[in-house]
Structures are given as structure tokens and as C-alpha cells.
Amino acid sequence: MKLRAYLLMLFVVAIWGSTFVLIKGALSDASPAAFNLVRMTLAFAVLAAAYHRYWRRIQRWQIGAGAMVGLCLAIGYQFQTIGLARTTPSKSAFITGLVVVLVPLFSFIPGLRAPGARPPRWNAFLGAVLAFIGILLLTAPATANAHPQSSAMGSIVSLLPDLSSINIGDLLTLGCAVGFAFHCIALSHVSPRIAFQPLALLQVGFCAVFMALSLPFIEHPHIAWTPRLFIALAIAAVLATAAAFSIQSWAQSVLPPTHTALLLTMEPVFAWITSFLIMHERLGLRPASGALLILAGIALTELVPQPHVPTAHEAG
């Protein structure tokens, strides 16, 4: 049973990691918000068919909770996909991974903390510092040395990040990490009171609704129905959303939270491997060091024993 859970979770994490490259390619055929809307609508249709027996179990008070979670999910995906169109898949994956650092930090605020949860511990703050340094190294190139005659000062200056050259896509992706963090916090409040199946239906359904409402304000949508787009939508909607949410919910009932967290830290690694193999993307020493620091911050935050917090992709 546990071996199957490990293998299925690893499969889910690999799918999540590979979708960064897959969606990056599909964005040549569709605008980001339009892609998201079709993806979530298709995922909702799959979940609606799979969980059709649970429609009658949805209570009126659960609709408001599902709308709140769906709104946070929509914000996260909109920022992520729009940012992905303007940055690289590996950068997008590593920055998105910051969600597991942001959730404990936001939980420091009593009003956001789930009922019965303890305040974040020292490892959450240290993990945030490591991740912040890592994101600067990953996204901002070094400052050019304007004083070559002063070698000591020039060496120090060259290590500092040039914040003016940070990609707008990186900043948008950071907004996605914030949105997914609030999605996790919202789930921690409502998931103990709502069964997974109706919660999955409500949050994905409302996510699609909010994406449809925001579409005219975000972009002038366009879609070219190519085989590449069909494949990306099928994998993103069916495997990476509907099936992945269900698999993760089952696997996390079998595996210890720390083991699941360790597997989840592999998502940006799979994204980089896929990006390297398909897009021939290479990280230099500086951004690679930043990526490793982000992974270290995530691991430190997640693997030191503490109360379990839902992850960015968790639907219940």
C-alpha cells in the first residue's frame, strides 16, 4: 500500500513538474487566461462526472466556502500562467515552490492560522531567509562592476543582485506563490468540515467561474486549436488537476506528512529536468545556486516536524 502511494505521488509530482514546459509551449497557441479558463472548465467537467453522486450532498453554507477557496486558486493560477509566458519554466517552478515557505509565515498572523494550529517555528523563518536569497540569485543577474580598478570593492559589488533587471514574469510568478499560499490557508480552514469530493467540485467550479469573469480585464483572449494545445490541455486538466488532486488526497492519508513534503520538493527539480531535456535550458552557477537555496529553504520549512499544512496543489 505504501509503495503504491509513494510511486503514485512521485508520478503526480513528475506530472506537475513537466507541465511547466508543456504549458510554456502551449502558450504560443493560446493566451494565458484563455488557456486557464479552458483547462479549469475541462477539469471541472471531469470531476463533475467522476463525483456526480456527491452533488446532492453539497449544503448551502459549503458554497460560500468553496467560492473562497476557488477564488484563491484562480488568483494563483492566473498569476502563474501569465508569469510563465514571460519567464522560463524552471524559474517559474522554483518560485512557485516558495508557497511552502509563505504558508507558515502567513500563519504567524493569528487570524489566518487554522483552528488549533501552532505558530510557525524557527525553521519557517530561516527557510524564508534562504528562499529569499535564493530567489534573488535565481532571478536577478549580478551588478556590473563599474570600478575595475578597485578589485576588492568590485568583487563585492559584482555579488549584489541587479534588482532593476528582474523579469516581470518572475514578479508575477511570485504573486502566484502568494495566491497559492492563501489557497492553502483557506483549505486548512474549510477542508476539515467538507468532504474532499464536494470541495473539489466547488473549488474547481468556482475557479473556472472567476477565471471567466476576470478574462476580459486581463487580456484579449485568443486560441489556435493545434495538436500541441490539445495535448497540453488534456494533460493539465485531466492528469495535473482532476486526477492529481484525487491521487494526492488518497496518498496523503497513507504517507507521513514529512515524506509527502520531501516528494513535493522534487517538483521544481522535475521542471528543470524537463526544461533541460526539451528546451535545452541551462542554469548558470549563480541561478543554480539560487535554485538550490530555494530547495533548501523549502526542505527546511517542510521537513522539520510541525503541524501539517496543505500544499499549493492540495485540493482537500
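**Figure 1. The lining of the second largest pocket comprises 12 nonpolar residues, one polar residue and one charged residue.** The structure shown here and in the following views is a predicted model. In total, 14 residues line the second largest pocket, and L98, A131, F132, I135 and L174 are those that lie nearest its centre. The space in the second largest pocket amounts to about 260 Å³. Three helices, α5 (99–106), α6 (122–139) and α8, each contribute at least two residues to the lining. Of the helices, α6 gives the most, with six residues. Rolling a probe the size of a water molecule over the atoms shows where empty space is left.

**Figure 2. Helix α8 spans residues 168–190.** The helix has 23 residues, and the distance from its first C-alpha to its last is 33 Å, close to the 33 Å expected at 1.5 Å a residue. Helix α8 is mostly covered, as 17 of its 23 residues are buried. At the start of α8, the view includes N167, whose side-chain oxygen comes to within 2.6 Å of the backbone nitrogen of G169. Helix α8 also supplies at least two residues of the lining of the second largest pocket.

Figure 3. C72 is buried, with a relative accessible area of 15%.

**Figure 4. Residue P32 of helix α2 is shown together with I218.** Helix α2 covers residues 32–50, and P32 lies within this helix. P32 counts as buried because its relative accessibility is 11%, and buried means under 20%. In sequence, P32 and I218 are 186 residues apart, whereas in space their C-alpha atoms are 9.3 Å apart.

**Figure 5. The side chain of Q62 reaches the backbone of Q59.** Q62 lies in helix α3, which is formed by residues 60–84. Is Q62 buried or exposed? With a relative accessibility of 5%, Q62 counts as buried. The side chain of Q62 reaches the backbone nitrogen of Q59 at 3.0 Å.

Terms used:
Residues numbered from 1 in each chain as written. Predicted model: local features only at pLDDT ≥ 70, side-chain atom pairs only at ≥ 80, totals over all residues. Heavy atoms only, no water. Helix = DSSP H or I, 4+ residues; strand = E, 2+ residues; numbered from the N terminus. Expected span 1.5 Å × (residues − 1). Buried < 20%, exposed > 50% of the residue type's maximum accessible area, 1.4 Å probe, protein only. Polar contact = N/O pair within 3.5 Å; in protein donor to acceptor, adjacent residues only side chain to side chain. 1 Å grid on protein atoms, 1.4 Å probe; cavity = no way out; pocket = protein on both sides within 12 Å on 5 of 7 lines; lining within 4 Å. Points joined across faces, edges and corners; volume = space filled by probe spheres on them. Nonpolar A, V, L, I, M, F, W, Y, C, P; charged D, E, K, R; others polar.
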